[in-house]
Amino acid sequence: MTTLAEAGAALAAESARYAGLGWMRGTSGNLSVVLDADPLRLAVTASGLDKAELTAADVVVVDRTGTAVPDQPRPDRAPSAEAGLHARIAEVSGAGAVVHVHALSPVLAAEYWPDGVELRDLEMLKGFGRAAHDDLVTVPVVPNGQDMRVLGDAFEAGYRADTPALLVARHGVYVWGADLTQARHRLECLEWLLRFTIERTRTR
Ligand SMILES: [Zn+2]
C-alpha cells in the first residue's frame, strides 16, 4: 500500500522530470497514483502549481469522480478538473498510476490522425508494452472538452486493455501503468513513436 506521503514525494519527483522534458509547461499536466482500489482513492498533483517545483505536500486525494475527499491533510488544495479522467482511467484499466502531459507530438499526431494513430514495426513499441513486429497498435484519439464525464465516456468506448494511452486532440496525452515508473517508460517510448511517425510522414 502506498501512503499519501510516499505518493506525494513520488508525484513531485516525476513531475520535475516531465517538466525538465518540456512536457508540463506553465502549470499544465497532472499525475496520479492509486492509493486505494475500493473505494477508489487517487493522490493527484495539486492544480495551478509549477510542476518543476512541487513538494510532497502538493497533492490532493480524490474519489472516483475526481472530487477532493474531505478527510485529507490539505483539503484547501484543489485537484485539477482533469482528476475526473484520471479516476475513470484508473477504474476502467486497473492501473496504479496515470500520467497526463501536454507534450507536442501527441497533439500533432492527433491533428494528423483524428481517428487514431497507427504504429507498427518499430523496436520502441516494446517499451510501450507491445511487439516490435507484426503488431498493429492504434492509439485512440478523442476530441477535447471540459466535461470529464464526456471525455471519460469517449475514452471507455475506445478502450483496449493492451493499449495504455489516450490522445486528447488539441490538448495532450494520458498514459497509464502499474506504477509511475512504468507509466513514464511507456510515455517516453510513445512520445518517441509519435515523433517518428510525424517526421516520417513529413519527409516521405
Ligand atoms: Zn491537460
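Predicted model: local features only at pLDDT ≥ 70, side-chain atom pairs only at ≥ 80, totals over all residues.
1. Histidine 102 counts as partly exposed because 18 C-beta neighbours fall inside 10 Å, and 20 or more would be needed for a buried residue. Its place in the chain is the loop between β4 and α3 (104–112).

2. What does histidine 102 touch, leaving aside neighbours within four places in sequence? Its contacts are Trp23, Met24, Arg25, Ser28, Gly29 and Gly172.

3. With 30 other C-beta atoms within 10 Å, histidine 100 is buried, whereas histidine 102 is partly exposed.

4. Beyond residues up to four places away in sequence, histidine 100 is in contact with Gly29, Asn30, Glu82, His86, Gly172 and Tyr174.

5. A word on the record: the UniProt annotation "binding site" covers His100 and His102, and it comes from an unreviewed entry. Please keep in mind that such annotations may be inferred rather than shown by experiment.

6. Now to helix α5 (residues 180–203), where alanine 183 is found. Buried or exposed: which is alanine 183? It counts as buried, because 26 C-beta neighbours lie inside 10 Å.

7. Not counting residues up to four places away in sequence, alanine 183 touches Ala97, Val98 and Val99, as well as Val175, Trp176 and Gly177. Its C-alpha atom is separated by 16 Å from that of alanine 9, which is 174 residues away along the chain.

Conventions:
Residues numbered from 1 in each chain as written. Helix = DSSP H or I, 4+ residues; strand = E, 2+ residues; numbered from the N terminus. Buried ≥ 20, exposed ≤ 12 C-beta atoms within 10 Å, placed from the backbone. Contact = placed C-beta atoms within 7 Å.
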